[in-house]
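Open the model in your viewer and keep the selection tool at hand.

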Amino acid sequence: MTKQWQPLTDPQWAAISPFFDLRRKRTHNLRHIVDALLWLLRTGCQWRNLPSHWPHWQAVYYYFDQWKQAGIFEQINAALNQLDRQQAGRASHPSVLCIDSQSVKLHPMILS
C-alpha cells in the first residue's frame, strides 16, 4: 500500500480514461481533475483549501458532482474490480456469493 499520495500513472489513467468524455474541448485537463480528487481523498483537505497548483476547487467540485450524478465512479469501480480479477487469473465476475445469514430478533427489545 502506498503511504504517500502519488499522481495517476499512465497505465492507471489508461484504465479509467475511457469513462470520461475526452473529445470535448475543456479549459481543464481531466487527468489533473482526477488527480486533485484523489489528493483530496488521500489528505482529507477541504474543498476550499485545495492548493493553488490544482485547478480551482469549484472546477474540481463541478466535475466531481457531475461524475457522481452520472454514476461514473461506480462504473470505474466495477471495471477496475473486473480488471483486477482478470489479472489475478480469475473470472471477471465472481461466481459465488457469500451472505451473512445471522439474524437478530428485536421484538423483545422494542418497547410498545
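A salt bridge here is a side-chain nitrogen of Lys or Arg within 4 Å of a carboxyl oxygen of Asp or Glu. By that criterion the structure, which is a predicted model, holds 3 salt bridges.

**Stop 1: Asp-10 and Arg-31.** Select this pair and show the side chains. Asp-10 and Arg-31 form a salt bridge, with 2.9 Å between the closest N and O atoms. Asp-10 belongs to helix 1 (residues 10-16) and Arg-31 to helix 2 (residues 30-43), so the bridge ties together parts that are 21 residues apart in sequence. Asp-10 counts as exposed because its relative accessibility is 55%.

**Stop 2: Asp-21 and Arg-23.** Select these two next. Their side chains form another salt bridge, and here the closest N and O atoms are 3.6 Å apart. Arg-23 is exposed, with a relative accessible area of 78%, whereas Asp-21 is partly exposed at 33%.

**Stop 3: Asp-65 and Lys-68.** Move on to helix 3, where Asp-65 and Lys-68 are 3 residues apart, a separation of about one helical turn. Their side chains meet in a salt bridge, at 4.0 Å from N to O. Lys-68 is partly exposed, with a relative accessible area of 44%.

**Stop 4: Phe-64.** Stay in helix 3 (residues 57-70) and select Phe-64, which is placed there. Its relative accessibility is 23%, so Phe-64 counts as partly exposed. Which residues does Phe-64 contact, leaving aside neighbours within four places in sequence? They are Leu-37, Trp-47 and Phe-73. Now draw a distance from the C-alpha atom of Phe-64 to that of Ile-33: the separation is 8.5 Å, for two residues 31 apart along the chain.

**Stop 5: Arg-85.** Finish in helix 4 (residues 72-87), which contains Arg-85. Side chains of opposite charge can pair when their charged atoms come close. Arg-85, however, is buried and has no salt bridge. Asp-84 is the nearest side chain of opposite charge, and it is 7.7 Å away. To see what surrounds Arg-85, select Arg-90, Ala-91, Ser-92, His-93 and Pro-94; Arg-85 touches these residues, not counting those up to four places away in sequence.

Technical notes
Residues numbered from 1 in each chain as written. Predicted model: local features only at pLDDT ≥ 70, side-chain atom pairs only at ≥ 80, totals over all residues. Heavy atoms only, no water. Helix = DSSP H or I, 4+ residues; strand = E, 2+ residues; numbered from the N terminus. Buried < 20%, exposed > 50% of the residue type's maximum accessible area, 1.4 Å probe, protein only. Contact = heavy atoms within 4.5 Å. Lys, Arg positive; Asp, Glu negative; His and termini not counted.
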